[in-house]
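Subject: Structure handover

Hello,

Here is the structure for your files. My notes on what turned up follow below it.

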Amino acid sequence: FADQRGWQGLPCALDVLSNLPFAVAGVWGLVWLRRLGALRLCSATRATAALFFGGLVLTAVGSGWYHWRPDDAGLLWDRLGMATAFAGLLGLAVVGRISPRAGLATGLGLMVAAPAAVLAWAHTGNLTPWAVVQFGGMLVVLALACMPHRHGALVLQLGALIAWYAAAKVMELADHSVYEATAGWVSGHTLKHLLAAGAALPVLFAMARLHHSRYVAVPLPRRAMQNGGHRGA
């Protein structure tokens with residue numbers, strides 16, 4: 001990693017601390033889930049969203065640990081957290097575009113396939129299964145973004161989510177270049193964490209809109225208002 005600077009005894013401080021937005025987004029999302037409850041979200045949406053937000057918290061812990069003490073053990077937990085969040089995200093996207101049953105099946109399937117790909121890398125060193133799961137899954141999300149929202153489902157802007165993810169990958173690949181371009185102020189990997197955490201914003205905003213819709217008054221037709229006013233007079 002380009003930025004090796006420590007702070008207050010914390011090694012690689014910015015790469016460690018930039019994982020905090022994952023935890024904030026995860027906890028924030030779990031709070032929204034509790035506020036909305038079963039009356040506003042179907043069970044499949046709540047299950048896959050909980051998996052996504054819980055995965056973000058796990059990612060914050062795993063990635064923070066990995067950047068604090070970079071080794072294969074830390075990277076294993078980092079990727080397992082990412083796998084959990086990714087399973088929830090793809091399941092949530094399928095719920096919103098296809099059906100609750102298909103979304104649950106997708107989330108559960110990825111909860112098996114993604115950790116299996118991570119464990120395969122840990123034992124063999126072959127990163128191909130993990131790359132297939134990660135990039136293949138994003139291609140599925142891209143295809144789902146071209147489909148209409150399912151009536152009554154959480155309105156999730158998948159295009160915005162993909163944009164955040166793509167920007168994060170660009171920063172990851174440009175780690176050293178960004179560090180040099182900013183004269184050592186910030187590295188591409190630090191920005192990658194911030195942008196990847198930003199991918200949770202479309203989900204959080206969708207829940208906020210749904211919560212707000214509970215308090216938006218529905219105006220009565222003018223005729224009904226006039227009739228009501230005449231009777232009151």
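Of the 233 residues in the protein chain, 43% count as buried. Buried means under 20% relative accessible area, exposed means over 50%, and partly exposed lies in between, with a 1.4 Å probe and protein chains only. This is a predicted model, where local features need pLDDT of at least 70, side-chain atom pairs count only at pLDDT 80 or more, and totals for chains, interfaces and linings use all residues. Residues are numbered from 1 along each chain as its sequence is written, and side-chain values use heavy atoms, with hydrogens and water left out.

**Overall layout**

The protein chain has 11 helices and 0 strands. Helices (H or I, at least four residues) and strands (E, at least two) are DSSP runs, numbered from the N terminus. Along the sequence the pattern reads α-α-α-α-α-α-α-α-α-α-α. The C-alpha atoms fill a box of roughly 75 × 40 × 30 Å, taken along the principal axes.

**Pockets**

Rolling a probe the size of a water molecule over the atoms shows where empty space is left. The search runs on a 1 Å grid over the protein atoms alone. A pocket is an open set of points with protein on both sides within 12 Å along at least five of seven lines. A cavity is a set of points where a 1.4 Å probe fits but cannot get out. Lining residues have an atom within 4 Å of a point. Grid points are joined across faces, edges and corners, and a volume is the space filled by probe spheres set on the points.

The largest pocket holds about 710 Å³ of space. Its lining has 35 residues, and M82, Q134, Y165, K169 and K192 lie nearest the centre. Helices α3 (43–68), α4, α6 (128–145), α7 (158–173) and α9 (188–198) each supply at least two lining residues. α4 gives the most, with 7. By class, this lining has 22 nonpolar, 7 polar and 6 charged residues. Here Ala, Val, Leu, Ile, Met, Phe, Trp, Tyr, Cys and Pro count as nonpolar, Asp, Glu, Lys and Arg as charged, and the others, Gly among them, as polar.

The second largest pocket has a volume of about 170 Å³. Its lining includes R40, R150 and R209, as well as T45 and L154. The class count is 7 nonpolar, 2 polar and 3 charged. Which helix gives the most to this lining? It is α10, with 3 residues.

Helix α10 (residues 201–213) has 13 residues. It reaches 18 Å from its first C-alpha to its last, close to the 18 Å expected at 1.5 Å a residue. That expected span is 1.5 Å times one less than the number of residues. The buried residues of α10 are P202, V203, L204, A206, M207 and H211. A206 also lines the second largest pocket.

**Cavity**

The lining is T45, L92, V95, G96, L154 and L156. Helix α4 (residues 72–97) gives the most, with 3 residues. By class there are 4 nonpolar, 2 polar and no charged residues. T45 and L154 line this cavity, and they line the second largest pocket too.

**Aromatic contacts**

There are 2 aromatic pairs. Rings of Phe, Tyr and Trp (its six-membered ring) pair if their centres lie within 6.5 Å; planes under 30 degrees apart count as stacked, over 60 as edge-to-face and the rest as tilted.

F1 and Y66 have ring centres 6.0 Å apart and planes at 75°, so this pair is edge-to-face. It links distant parts of the chain: F1 sits in the segment before α1 (13–17), Y66 in helix α3, 65 residues apart. F1 is partly exposed at 33% relative accessibility. Y66 is buried at 13%.

F52 and F53 form a tilted pair, 5.2 Å centre to centre with 50° between the planes. F52 is buried at 4% relative accessibility. F53 is buried at 0%.

Two arginines sit over rings. A charge counts as over a ring if NZ of Lys or CZ of Arg is within 6 Å of the ring centre and within 35 degrees of the ring normal. R35 lies over the face of W32, 5.1 Å from the ring centre. R79 lies over the face of W121, at 4.7 Å.

Best wishes
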